There are 4 protein chains.
Amino acid sequence: MLTLGEKIRGVFAPVPTPFKDDGALDGNGWEKNIALWSASPLDGIVIAGSNGEIPFLSLEEREFLTRTAKEGSAGRLHIMAGAHFPSTDETIKAAGRLAAAGADSILLLPPHYYKGKDEALVKYFTDVADESPVPLFLYNMPANTGVDINIEVICAAARHPNIRGIKDTSGDMTKLGYTVLRTPDGFSTFGGTGNWFLAALSMGACGGTMAVSILFPRSCQMLYEAFNDGRISEAAALQKRLLPVSDAITRRFGIPGLKRALEAYGMTGGSCRRPLLPISKADAGELLKVIRDSGLDEYETWRNNR
Amino acid sequence: MLTLGEKIRGVFAPVPTPFKDDGALDGNGWEKNIALWSASPLDGIVIAGSNGEIPFLSLEEREFLTRTAKEGSAGRLHIMAGAHFPSTDETIKAAGRLAAAGADSILLLPPHYYKGKDEALVKYFTDVADESPVPLFLYNMPANTGVDINIEVICAAARHPNIRGIKDTSGDMTKLGYTVLRTPDGFSTFGGTGNWFLAALSMGACGGTMAVSILFPRSCQMLYEAFNDGRISEAAALQKRLLPVSDAITRRFGIPGLKRALEAYGMTGGSCRRPLLPISKADAGELLKVIRDSGLDEYETWRNNR
Amino acid sequence: MLTLGEKIRGVFAPVPTPFKDDGALDGNGWEKNIALWSASPLDGIVIAGSNGEIPFLSLEEREFLTRTAKEGSAGRLHIMAGAHFPSTDETIKAAGRLAAAGADSILLLPPHYYKGKDEALVKYFTDVADESPVPLFLYNMPANTGVDINIEVICAAARHPNIRGIKDTSGDMTKLGYTVLRTPDGFSTFGGTGNWFLAALSMGACGGTMAVSILFPRSCQMLYEAFNDGRISEAAALQKRLLPVSDAITRRFGIPGLKRALEAYGMTGGSCRRPLLPISKADAGELLKVIRDSGLDEYETWRNNR
Amino acid sequence: MLTLGEKIRGVFAPVPTPFKDDGALDGNGWEKNIALWSASPLDGIVIAGSNGEIPFLSLEEREFLTRTAKEGSAGRLHIMAGAHFPSTDETIKAAGRLAAAGADSILLLPPHYYKGKDEALVKYFTDVADESPVPLFLYNMPANTGVDINIEVICAAARHPNIRGIKDTSGDMTKLGYTVLRTPDGFSTFGGTGNWFLAALSMGACGGTMAVSILFPRSCQMLYEAFNDGRISEAAALQKRLLPVSDAITRRFGIPGLKRALEAYGMTGGSCRRPLLPISKADAGELLKVIRDSGLDEYETWRNNR
């Protein structure tokens, strides 16, 4: 858990929200998943991120997910929760309520329906940071938002003492490198996908938030440690195995694919809320084959202990 | 007002939602505006569209706006209300409630945080259409959503008897032309801005939804009638005057600019909700000069009668 | 033919360059085509534009095409020739040589491999305009160049007395409208496709350069005259017929499609140079069906006189 | 120098072409530069790439540059030369002539004025590969071409025995990783900029083509060796120093900036051909400050020996 002044690091899992077929939140499934993730080598989880179907979640649902995760993990996991709503006031309210529910930090998308000027983005981030009881982690997700937060905005926001990091999924290595160079020491730069976790680390990132770590947390941690220990060929070999799996459960087959994969590993994936469509049988077959072929299962020894 | 089988036509105003400085809805301002628009040559208004700050409006607020508009206009205006929420279920609920509050039709954005396949877009539109008590009008707004609904999706959706038109702001004249050619006769194709209302009409559109008609409804109606009557040089001259004004209150100065312009004409513009920033003094001056220079005031004779 | 101070107007055909199967220029085919176009209602032709496979044409070939067209048309057609080469010096040389070969005006793409600042675009245009013996017509073609010349650049360039117009294919009606409003009276704004010729005219364009006029020049002229005479419903009906044909021989099936269509009307289309691929049999069938179904043949009475 | 079957690896410099103020090629400057580069730790140079102002170079000029480089480097450098011309036939001719002039391999852009289908890209690459006397290196440069060669095209092309690598500047780490995974062992995947050389290596690249290596070849080689030897923190520290310099001489200040920097290190930068604009004094000052501040000079000990 983050203490004052401590830098956020490590491997974070942006977890999906399990729904029943009728769209209701599956609380039991969630509790079961939290127990599993707490027993895993993960450093933290991200609730109500893109994989968590954030746009479909009410504040009450996000509070429930956060509270349950906090209690279920008993301090074993850093709990980061997505507070974004379109208006600043709703977001501030959400940050406060999610912190009260146990969030250790807040993940924050930029406003995006109206494509604001840089000035408007910085103001949104700092307005929320002023009011949030816990630190903020910016969330750059241009594929979904159509907004690619630029380096000037990141640097301006990073000067706020309550803005403590960024998850960047843009894949722009130049920006990632500049983010590391131009933000304060305590600011955390995270890569936003397992597709290129090692590339992000090589540019100076101190962690990653990646869907593949839900299924293969130890593989991700091994890569992270191998990089930090200078065992670079081992890290590169792990990255090669992670890429196709990471890509399959995100870009290729989306959240329905990710949820299908969870089911294959004894977690509760459940349904997606509409308008997301279920994964087809053919796609599910292809997805599971990619996972099987990766050979990553051999590293996930913690599963035997649970 | 639309009766069964009647095609939606004419000049529609996508009106802003007036807020007080603290972000609260300004109900008195809204009632005053409705009275003014009801006395104007407008055919209809669009509530909770992009100018209406749809992402910041709760369902309860949309219901209030709709009910008040319906009562205040006493049948003089077609009331179209934006029902979009990120999830299908919330949207269906909203469509029902807005219809109950008096909406004559529903304006419907596509899902856009997750960039869905065509199939997912069509399913969203038809799922909502199946349940909505009043007809749907699709809303293509790629500048805000990052989703440009393509012609195949439009045609597939237009086959549903309860999907009765589209407001297209993309400005893609090829698509607009195909939409007219390939949708049923009763389906309405509307241009989505006054910047090129005449161009849209020339491609076969039967109406337009445009911010400039809030300020200059008669100018827009004169253009529309001139086109329909074959007085093309008159229509073209009006289009030339409308362009800079229309562009200034939309693309150039945004909703804060539009609201400032309303104030200049005795309507309640009010504040925007955060994170939208207020218009600067310099921009407001430039905006009002563009409006003044247009010379459109001379056509708005109805103002004297109110 | 353009005389000093005369504004360029009307219907221009951006014609393809006929090649033999081995890639050699088909001079006889070209002469035959020129004879046909000279007997048609076209106002002018554009040589070495995008349809003319400009990137594959040497300066010598462009000179041959221009000289032959000038002689073959005997003053009946305005001859506009594409002078663009990547460097300014090559382009200036080409403009001089093409003017000497008989070009009445020069069509000019912006530099585009290196995405220049506005300042660099204006300088390129005015540097060439300073040296060109005949007027320049700018050519905005973002789909091919990746550069969308903005309104500030157009206005700055239009102040040069030797820059006399623009062919804009971007389809941005706001920009087209502003171009008409903000350039000098003698500056010609042309729409760049038959897909939305009427929309361009309605925004103030004084002509169009469009592939569909190669096949259906009289239909295009009828639309143009109907618009100018205020017979707007006739113009709109023609636009509806032109759209699918225009779209098929440009965006949908490309230059190979256009050349195939020429063959169907007794003109020499010939092959494309590699790397352009030939049109498939299935596509050719679909293309010819679209043309047949348009019913435009009935207007092309001039064909009987040739 | 590449021998049959040998994989292309290491640090390659995409060098600029020195021009005199009147635009003429500066042959003496070129010879001087070649002598310097031959004495440096570079593995190879790329002639007539984007930095080499390829679109402005005639085939004769490319031959001169290649021949002079081959002779001047006396086998010390791998010579890769850009053969792209818009048409396949011109490109094939260029590949043959550049090979005859001494090119060890050919750098090949995709066709890009006409945005071809995948099929057309593969055919262009393999048609040239069939005829080229020396191996081809594909060149993905979407910022300039507007074409981002996708993984399917890369894999299809890589099956041709004479297509031996790719320089990818897209920065898409997912694609880079897949390229390494899905192409034959002898196929070389190169990162295309020094901004993120280490990230590319971490994804499996076996070399890089980067402007910064013209100025700081030993720094680049040290990074490359540190990575290969598992001294990852040393490699990461070098990457942090390289980023701002690499970015300044490419994206930020372009070829004029790169040429200015060459002059500061005793190489001949010279002028750019029009329409490229010269670098402003202020920009040059900023650029030289970035270089100075990097502290990279301390590693370039080879300079003392020349």
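Chain D of this predicted model can be laid on chain A by a turn of 180 degrees and a shift of 0.0 Å along the axis, with an RMSD of 0.0 Å; copies are superposed by least squares on the C-alpha atoms of residues with pLDDT of at least 70 in both. In chain D, Ala199(D) has the C-alpha nearest the axis, 2.1 Å from it. In chain A, 8 strands close into a barrel.

Numbering and thresholds

- Residues are numbered from 1 along each chain as its sequence is written, while chains are lettered from A and ligands numbered from 1 in the order in which they are written.
- Local features need pLDDT of at least 70, side-chain atom pairs count only at pLDDT 80 or more, and totals for chains, interfaces and linings use all residues; side-chain values use heavy atoms, with hydrogens and water left out.

Relations between copies

- The copies D and A meet through the same surface, because 100% of the interface residues of chain D are also interface residues in chain A.
- Chain A can also be laid on chain B, with an RMSD of 0.0 Å, by a turn of 180 degrees and a shift of 0.0 Å along the axis.
- These two copies are thus related as by a two-fold rotation axis.
- Of the residues of chain A, Gly146(A) comes closest to this rotation axis, with its C-alpha at 3.0 Å.
- The same surface serves both copies, as 100% of the contact residues of chain A recur in chain B (contact means heavy atoms within 4.5 Å).

- Helix H11 (residues 232–252) of chain A packs against helix H7 (residues 173–182) of chain D at an angle of about 130 degrees, their axes 10 Å apart. Helices (H or I, at least four residues) and strands (E, at least two) are DSSP runs, numbered from the N terminus. Axes are lines fitted to C-alpha atoms, for helices over the stretch in contact, and angles run from 0 to 180 degrees between N-to-C directions.
- That angle makes H11(A) oblique to H7(D); angles under 35 degrees count as roughly parallel, over 145 as roughly antiparallel, 65 to 115 as roughly perpendicular and the rest as oblique.
- On the H11(A) side the contact includes Lys240(A), Leu243(A) and Asp247(A), and on the H7(D) side it includes Thr174(D), Tyr178(D) and Leu181(D).
- The residues of this contact divide into 5 nonpolar, 2 polar and 4 charged. Ala, Val, Leu, Ile, Met, Phe, Trp, Tyr, Cys and Pro count as nonpolar, Asp, Glu, Lys and Arg as charged, and the others, Gly among them, as polar.

The barrel of chain A

- The strands follow the order E1-E2-E3-E4-E5-E6-E7-E8, with parallel pairing; two strands pair if DSSP finds at least two bridges between them.
- Neighbouring strands of this sheet are turned by 25 degrees against each other on average, direction ignored.
- Strand E1 (residues 10–14) and strand E8 (residues 207–209) of chain A run parallel and are joined by 3 bridges.
- Phe12(A) has Thr209(A) in E8(A) as its bridge partner.
- Helix H7 (residues 173–182) of chain A packs on the sheet and touches strands E5, E6 and E7 of chain A, its direction making about 160 degrees with that of E7(A).
- Helix H2 (residues 59–73) of chain A lies across strands E2 and E3 of chain A, at about 175 degrees to E3(A).
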